[in-house]
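Try each task yourself before you read the solution.

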Amino acid sequence: ALGSTAGQGDVVLTANTGAVITKSNGWTYLVAGNITGVSPAVGQEGTKVTISGTRLLGDGNAAASVTLAGVAATVTSASATEVKVTAVASAARTGDVVVVSNTGIIVTQANAWEYKAAGFIDTADPGTGVGGTETIIDGFQLFGYGTKLDSVTLAGVEATVVFATRFYIRVVAGVGGAGVTGDIVLTADTGAVVKKANAWTY
């Protein structure tokens, strides 16, 4: 049904012969849902986003889909006042946040999300080592637009962060199996993930 103010009224069917069938007070328009906040409002792949508001699911009980700037996000939880999603990969873009409930109710906040150019790892020096090896990772937006790092793994093994900025990180490798090659994965406090495939070898 197209939007209207909240209230109750008749359902009226009119045939091509002019015959009319009416159901008195057979339809109720509910109060429209409203998005009041999107946090954070910028990010990249892996960013965990909380959408706050009222009647976010309309008369439904689940979120059928959520899009951030036109890109489908992964829904992790949903209620009438809060929907949590994880952003997937996308090129830089800005657009609406749209929540669609399992009954088809659509709640939109215009231009409420911005995908930033994804962070990336340029180099890791050295790219090989053993437990205790110190390596320097540099690149672009290594926090993925978060404020700090939650973790760094080298070939699946957690490393100890010694120093970190958005463009330069120094870590000490944990103990890994000899000959194992794998990704360098940086995870920010927002959940954003920046990684470089097969960039570390024990």
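**Exercise 1.** Is Glu134 buried, partly exposed or exposed? Keep in mind that this is a predicted model.

Solution. Start with the number: the relative accessible area of Glu134 is 42%. Buried would need under 20% and exposed over 50%, so Glu134 counts as partly exposed.

Next, look for its partner. Glu134 makes a salt bridge with the side chain of Arg170, at 3.6 Å from N to O. Glu134 sits in strand E13 (residues 134-140) and Arg170 in strand E17 (residues 168-172), so this contact ties together parts that are 36 residues apart in sequence. Arg170 is partly exposed too, at 24%.

**Exercise 2.** How many salt bridges does the structure hold? Track down the others.

Solution. The count is 3. Besides the Arg170 and Glu134 pair, Glu82 meets Lys84 at 3.9 Å, N to O. Lys116 pairs with Glu114, where the closest N and O atoms are 3.5 Å apart.

**Exercise 3.** Which strands stand at the edges of the open sheet of 4 strands?

Solution. Write down the order first: E15-E14-E18-E19, paired antiparallel. Strand E15 (157-158) and strand E19 (193-201) each have a single partner strand, so one side of each has no neighbour in the sheet. Now zoom in on E19: 6 bridges join it to E18 (residues 181-188), and Thr187 stands opposite Val193 in E19.

Conventions. Residues numbered from 1 in each chain as written. Predicted model: local features only at pLDDT ≥ 70, side-chain atom pairs only at ≥ 80, totals over all residues. Heavy atoms only, no water. Pairing = 2+ DSSP bridges. Helix = DSSP H or I, 4+ residues; strand = E, 2+ residues; numbered from the N terminus. Salt bridge = Lys/Arg side-chain N within 4 Å of Asp/Glu carboxyl O. Buried < 20%, exposed > 50% of the residue type's maximum accessible area, 1.4 Å probe, protein only.
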